[in-house]
Each structure stands twice: as structure tokens, then as C-alpha cells.
Amino acid sequence: MQDSPIAPRKRRASHDDKSKAQKFLIDVQETQRILVEQEDTDGDYQITVNDLGPKSFSVGTADSGGYRKIDIRGTYMLSNLLQELALAKDYGRKHIVLDEARLNENPVDRLSRMIRHNFWQGLTRRIDADGLELICADTKNRSANHTPRIYIPHGEDAMYNYYKQVADTRKHLRLEVERLPARITPEFVKSINDRPGILALAMRKGKNEGEFSGVPFVVPGGRFNEMYGWDSYFETLGLIVDGRWELARDMVDNFCYQIKHYGKILNANRSYYLSRSQPPFLTDMALQLYKHRPDQKDDLKPWMRDVFQAAIKEYFTVWMASPRLDPKTGLSRYRPDGLGIPPETEASHFDHVIEPYASRLGISKEKYMDEYNSGAIQEPELDEYFLHDRAVRESGHDTTYRFEKVCANLATIDLNSLLYKYEVDIAEAIRTILDGELLDSNGVVQRAEDWEARAARRKDAIDTYLWNEDKGLYFDYDTVKEEQTKYESVTAFWAMWAGCASEHQAKKMTNDSLAKFEALGGLVSGTEESRGVISLDRPNRQWDFPFGWAPHQIMAWRAFDNYDMHDVAARLAYRWLYTITKSFVDFNGVVPEKYDVVSLTHKVQVEYGNVGTDFQFVPREGFGWMNASYQIGLTVINTQMRRALGTCTHPDLFFERALKRHNMLNEHQLRRRKSSEAAAKAITRNGSIRAAVTRIGAESGIGGAQSFAEPTEPLVDS
């Protein structure tokens with residue numbers, strides 16, 4: 001009898017019985033140890049395309065009791081194995097039976113599932129006895145005093161007593177509880193910069209006397225461990241998509257609490273942010289929630305009335321009042337109060353600014369900063385510098401050459417588009433939701449026609465001061481120099497999001513200006529020409545070319561949808577989702593704060609680095625608005641695009657015909673794109689980070705394909 005030939009070794013994702021999915025029997029701790037030792041060659045506790053391991057790992061099948069081995073191959077499947085092992089350890093599992101479907105899961109489905117079921121939960125916080133330990137942690141605190149501290153608004157006596165009781169009964173927290181004064185001045189804010197703390201947010205009363213629970217909210221992630229202003233809007237949109245309606249509503253409730261007790265929607269709820277706001281989105285937050293609950297519209301009317309009362313208060317007391325309102329144009333500016341040097345920045349952030357002044361007096365930078373902050377040194381030039389610096393931070397775009405040393409003087413297209421939207425939204429709410437009746441917080445009757453008139457006046461001012469017909473784009477207006485600036489910002493498309501652009505203006509921007517911002521991986525923040533030349537003495541800024549950010553993408557998708565250009569919105573969404581998916585596949589599930597969308601990498605060397613990349617084994621949070629952009633983006637693209645995204649089909653390949661039809665793949669555009677890619681790679685990585693751009697096609701083995709020979713060295717775009 002002739003012996004049967006020895007069966008060849010099984011390849012990744014193959015198995016004997018094709019009728020059923022393969023399952024693997026795994027010793028969790030030992031498998032993780034060997035896998036990391038073999039594949040994590042750069043020691044960052046992740047398996048990425050930059051690791052030089054064999055990219056092949058044997059695991060035993062469950063059917064054979066672990067005896068028969070099958071190779072798991074490729075960066076994506078191996079990193080998924082590493083993640084699943086880490087999650088199993090979290091649950092205390094020593095052995096698991098792991099389904100093959102978890103390893104070769106379509107990356108689009110996997111990331112969306114992780115955001116919906118894991119990341120939002122990982123980013124959710126509440127301020128109460130059970131949540132204080134987590135929320136009080138603040139890596140931005142550079143003061144000598146790291147004692148956990150909470151500040152309670154004036155008049156919130158029951159809340160103050162609650163936290164005092166928490167401090168008394170939970171000694172291990174070492175919690176300090178302090179009251180805020182009735183009137184919060186810049187001088188007061190500066191006086192507590194050496195005693196930073198969390199600012200209390202909304203609470204719900206319990207059944208028993210003195211019982212409270214914090215109203216939950218979502219934080220961006222990483223070092224941003226508090227509720228941020230405009231981040232929260234985009235996070236709310238993502239929560240709505242994922243069916244987390246109650247948590248989304250809680251976000252709005254916390255904003256209303258901030259307006260009532262702190263006078264504004266805060267930059268974030270830390271004491272050093274008390275003087276600053278951020279881009280206003282409250283009215284649209286409320287309307288999006290309302291529109292997604294048609295079955296509760298009548299029940300939501302009282303809530304909507306409260307929200308719009310808060311928005312009206314914010315509108316008049318923050319954005320339409322001195323110092324933010326420019327009386328001549330009637331437009332608004334990011335121009336917050338404040339004194340001294342922002343304390344939340346990295347220790348060396350302002351060294352280059354302070355050094356010349358310190359040298360002039362023959363003292364150290366540290367001593368100069370201390371004496372300038374105390375008022376012992378008076379320097380009007382620095383006062384002006386930090387006025388603009390605070391304005392940049394209030395804008396949310398910290399930092400960019402668009403706003404360098406001028407931000408507080410600018411009537412920006414983004415802010416005034418948002419305020420136009422406030423005016424339109426308030427009119428709509430009064431007319432269609434609140435039965436034509438709304439009193440503001442002072443009891444003054446608000447009429448829809450008055451708000452429509454405000455919107456019309458702002459639109460006229462935007463057209464007069466911000467629109468440039470020759471260039472087909474909106475520009476910021478310098479209210480001191482009384483002239484338009486020259487920086488081309490992608491926030492110009494916010495006018496389309498708000499609906500204040502005419503059909504002519506929308507078409508002209510699309511035809512004349514969109515190509516300046518549309519990069520391979522999404523929209524860049526500003527054009528390369530506007531940013532200017534970068535050098536050692538003039539380093540890159542994170543809100544300039546070549547970087548792309550989630551809020552700009554989300555705003556643009558809706559902007560183009562508003563003007564019946566869904567094909568453009570979908571194309572832009574696909575580019576952005578491709579960037580996220582590609583990094584997720586190649587870099588162990590990473591979901592960072594931002595991307596270089598020109599050279600397609602999250603490995604950026606700019607200012608604060610990139611939040612969301614520092615994790616071991618498995619990502620647990622992603623990044624707030626990036627998570628939201630992925631879930632929202634999937635609602636913008638169609639089924640065909642989603643399938644292509646699952647195999648990481650290159651955007652220009654997918655849209656080749658459409659781009660040629662719109663003359664966006666001509667020789668000039670291709671030459672310009674290659675030049676921009678080369679410049680972006682040189683600046684953001686300086687040649688030191690290899691393999692940040694790779695290609696994966698349908699044969700990659702992800703999304704169901706089964707055969708793939710992955711090179712150790714990833715392919716880099718030429």
C-alpha cells in the first residue's frame with residue numbers, strides 16, 4: 001500500500017474543512033509572550049509594518065486540540081491576534097478558542113465595531129464620587145501642586161456639600177474642594193493657575209438626600225482628559241450615528257450647564273480654561289438630536305426650549321459682546337480675556353518667544369516667565385503676543401500660520417459661519433419646533449423674524465468683508481488693518497455647511513478652490529502656498545498643510561451635501577476613511593488625533609506629536625472626533641465604496657474616471673501633487689521614518705481574501 005504524500009504546510013487563513021470557519025486553541029499568556037518576542041522588533045508593544053519579524057506565526061487548531069498548526073501571516077492578522085490576546089487577558093482568560101473571523105475580519109467592520117462597542121466607553125467620563133479619580137488626572141498640569149482639586153460654581157451649595165463629603169469619606173483621593181466666586185475675572189483665573197483643577201459639570205439628584213451622579217460626557221482622549229468645546233460637537237454626531245442618543249443628549253446638557261454657571265461653553269472644563277471658549281455648535285447639536293428622535297418630538301420641546309435659551313445667552317454675552325464683537329463690521333472674532341502665559345502648554349513651548357526678552361534683562365527664561373506672570377515685569381509686546389495666542393486656542397486651531405500674531409484681530413469665516421448658523425437655527429426652532437414662542441433667560445420674547453434679520457445682516461457682512469469673487473473663496477478679515485488676509489483655509493467651506501453661501505459662491509468654490517485642498521487622503525487644513533516655506537527657524541504647525549483633521553472633513557461632507565453635490569462629499573469621505581483604515585490595518589489598530597493627508601501617515605513630527613498612538617497591544621479609545629468621523633463617513637459613502645475600502649483600494653485608482661472627468665488628474669495637477677507629497681514627507685518625517693505609506697489590494701487577505709505573501713519591507717510610494 002502506497003503511503004500518502006505529506007500534506008503541505010497550511011497557509012494563513014486556510015483549513016481542511018472549507019464548510020466551517022477555523023477556530024484556534026490558544027494559551028493566552030504564552031502565545032502573547034512568544035508573539036511579541038518574535039514580531040515586535042521595535043519594542044513598542046505593537047505589530048506594525050515597521051516591524052522586521054517574519055510576519056508568520058503558528059497557532060494550533062481547536063479541532064485538533066492544538067496539535068495541528070496553521071500559520072497566521074501578515075501584519076494585519078498578526079496585530080489582530082495580539083489585540084485579541086490583550087482583550088482576553090483583560091477578562092482574566094488563560095485559554096481561549098479564537099475564531100478565525102476575528103483575525104481576518106474586514107477592517108472597516110472591525111474598526112467600526114471597536115468604535116461603537118469599545119472606544120466610546122473608553123472615552124466616557126463622569127464627575128462624581130466614582131469618576132473623580134479618573135477625571136482629575138491631568139498630564140498638562142505643570143505646576144508644583146498636583147493635588148486633585150475640583151472647583152464648584154458659585155451658588156451650587158448642594159453640589160459643594162456633596163463633594164466635601166466625598167473628600168471626607170474617600171481620603172485616598174486627597175481631593176480639595178473649592179468654590180468659585182460669583183464673578184470670574186482674568187485676574188482670578190491667573191491667580192489659581194498654580195492650583196489647577198477640574199471644573200464641576202452637571203449632576204443629577206439621587207433618590208436620597210445628598211445623593212448625586214455626574215452627567216456623563218466624552219473626552220477626546222490621551223492627554224485631553226476633560227470635556228472640550230468643539231470636539232464635543234463632532235463626538236455627539238458620532239454618538240448619534242452609533243445609537244448612543246442618551247449620552248449625546250448628556251453632552252448638550254453639560255454645555256447648557258457651562259453657559260449657566262461659567263458664562264460660556266468652555267475651551268474645556270479645567271480651571272485654566274475659564275476665560276476661553278471654542279467654536280460654537282450648540283444649536284446644531286440640539287437640532288441633530290431632535291431630528292433623530294421623531295417619536296419624541298413633543299416630549300423634547302421643553303428640553304429644546306432650555307437649550308435654545310442657553311444658546312441665545314451664549315450668543316449675546318460671548319460672541320456679540322466686547323471684546324469679541326467688531327462694532328464696525330458687525331462680525332465676530334476669537335478674542336478671549338486672559339492674563340499671562342497659558343499654563344497648559346508644554347514647558348518649553350514659549351521658550352523661543354521669551355528668550356530674547358530674558359536675554360535683554362540678563363535673567364533666565366524661567367525667572368522671566370515667573371516675573372511676567374506675577375506682573376513684576378510689564379511688557380506690552382508680550383501682552384499682544386499672548387492675546388493672539390489665547391485667541392488661537394479659542395479658535396481650536398492651535399497652532400497655524402494663518403493666525404500667527406494676528407488671530408484676535410480677525411473676523412474669521414469659520415466663526416461667522418457658525419454664528420450665521422446659530423441665527424438660522426434659532427429662527428427655525430422658534431418657528432417650527434417651539435410653536436412660535438420663546439423667551440430668553442431674561443424673559444425677553446424672541447421672534448423668528450428678528451433672528452432671520454440677524455442672519456441676513458451677517459450674510460451681507462460675510463459677502464462684503466470675507467468673500468473674494470476673483471479667487472472664488474472666503475478669507476478672514478483683519479479688523480485692525482481693514483483688509484482681507486491671504487491665507488487659504490479649508491474652513492471657507494463652512495459657509496456652505498452653514499448655508500450662507502449662494503449657489504453661485506458654492507459652485508465657484510467647488511470649481512476654483514476645492515482642488516487646492518483635496519489631497520490623496522482627504523482635505524488639508526490650508527494650502528501649501530498659504531503656509532509658506534518651512535525651515536528650522538520656521539517649523540511646521542499642526543493646523544497647516546499637509547495635515548488633515550476630522551472636523552474639517554465632517555464639515556465639508558455636509559457642506560457639499562447641502563448644495564446637492566453628494567458625489568463630491570462621498571469622494572472626500574472615501575479619501576479620509578481610506579487614510580484611517582490604512583493606518584488601522586498597518587499600525588496595530590491605531591486611530592490618532594490627526595494625519596498628514598498628503599503623504600498618508602500618522603507618523604507626524606510636529607508640535608505636540610500625535611495623540612492616540614501611545615498604547616500597548618490594543619487600542620482602547622481611538623480619538624474622539626476621529627472615531628466620530630469614521631462612523632459618520634460610513635453613512636456618506638455607498639456600498640460599493642465600503643467594499644473598496646475594506647480592501648484598501650487606493651482613492652485615486654477608485655475615482656480615476658471621475659477625477660479625469662473633472663480635469664483633476666491632468667499633468668499639472670499630478671505634478672503639483674507629487675511635489676506636495678515630496679515636501680510633506682521631507683518636513684513631517686525628515687527621512688527618519690520609513691514605511692509610512694504602503695499599498696494593500698484585494699489580494700491582501702483582509703476582508704475575506706485568503707492568499708497573501710506579504711513582503712517584509714512595505715512598498716513606499718515613489
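**Helix 12 against helix 14**

A: Happy to. Helix 12 (residues 351-361) packs with helix 14 (residues 380-395) at an angle of about 175°, and their axes are 12 Å apart. Because of that angle, helix 12 is roughly antiparallel to helix 14. Please keep in mind that this is a predicted model.

Now to the residues themselves. On the helix 12 side, the contact is made by H352, V353, I354 and Y357, and on the helix 14 side by E381, L382, Y385 and F386. Sorted by class, the contact of helix 12 with helix 14 has 6 nonpolar residues, 1 polar and 1 charged.

P323 sits in the loop between helix 11 (297-319) and helix 12, and the peptide bond from S322 to P323 is cis, with omega near 5°. A cis bond also runs from F545 to P546, with omega near 10°; P546 lies in the loop between helix 20 (528-531) and strand 19 (547-548).

For another helix contact, look at helix 4 (residues 107-123) and helix 24 (residues 639-646). The axes of helix 4 and helix 24 come within 7 Å and cross at roughly 95°, so the two helices are roughly perpendicular to each other. P107, V108 and D109 of helix 4 meet R642, L645 and G646 of helix 24. The contact of helix 4 with helix 24 divides into 3 nonpolar, 1 polar and 2 charged residues.

Helix 6 (residues 157-169) lies across strand 6 and strand 7, running at about 165° to strand 7. Those strands belong to an open sheet of 3 strands in the order 7-6-8, with parallel pairing. Its edge strands are strand 7 (176-179) and strand 8 (198-199), each pairing on one side only. Strand 6 (residues 149-152) and strand 8 run parallel and are joined by 2 bridges; I150 has I198 in strand 8 as its bridge partner. In the loop between helix 6 and strand 7 you will find R174, whose phi is positive, about 55°, although R174 is not a glycine. With 52% relative accessibility, R174 counts as exposed.

Y45 is also worth a look: its phi is near 60°, a positive value in a residue other than glycine. Y45 is placed in the loop between helix 1 (28-39) and strand 2 (56-61), and at 38% relative accessibility Y45 counts as partly exposed.

K23 has D99 in strand 4 as its bridge partner. In a regular strand, side chains alternate between the two faces of the sheet. Strand 4 has a covered face with I96 and L98, and an uncovered one with H95, V97 and D99.

Finally, the whole protein. There are 27 helices and 20 strands, and 60% of the 718 residues are buried. Of the contacts between residues at least 6 apart in sequence, 73% join residues at least 24 apart. The protein exposes about 29,600 Å², with carbon and sulfur atoms supplying 49% of it.

Technical notes
Residues are numbered from 1 along each chain as its sequence is written. This is a predicted model: local features need pLDDT of at least 70, side-chain atom pairs count only at pLDDT 80 or more; totals for chains, interfaces and linings use all residues. Side-chain values use heavy atoms; hydrogens and water are left out. Axes are lines fitted to C-alpha atoms, for helices over the stretch in contact, and angles run from 0 to 180 degrees between N-to-C directions. Helices (H or I, at least four residues) and strands (E, at least two) are DSSP runs, numbered from the N terminus. Angles under 35 degrees count as roughly parallel, over 145 as roughly antiparallel, 65 to 115 as roughly perpendicular and the rest as oblique. Contact means heavy atoms within 4.5 Å. Ala, Val, Leu, Ile, Met, Phe, Trp, Tyr, Cys and Pro count as nonpolar, Asp, Glu, Lys and Arg as charged, and the others, Gly among them, as polar. Buried means under 20% relative accessible area, exposed over 50%, partly exposed in between (1.4 Å probe, protein chains only). Accessible areas come from the Shrake-Rupley method with a 1.4 Å probe; for residues, only the protein chains shown count as cover. Two strands pair if DSSP finds at least two bridges between them.
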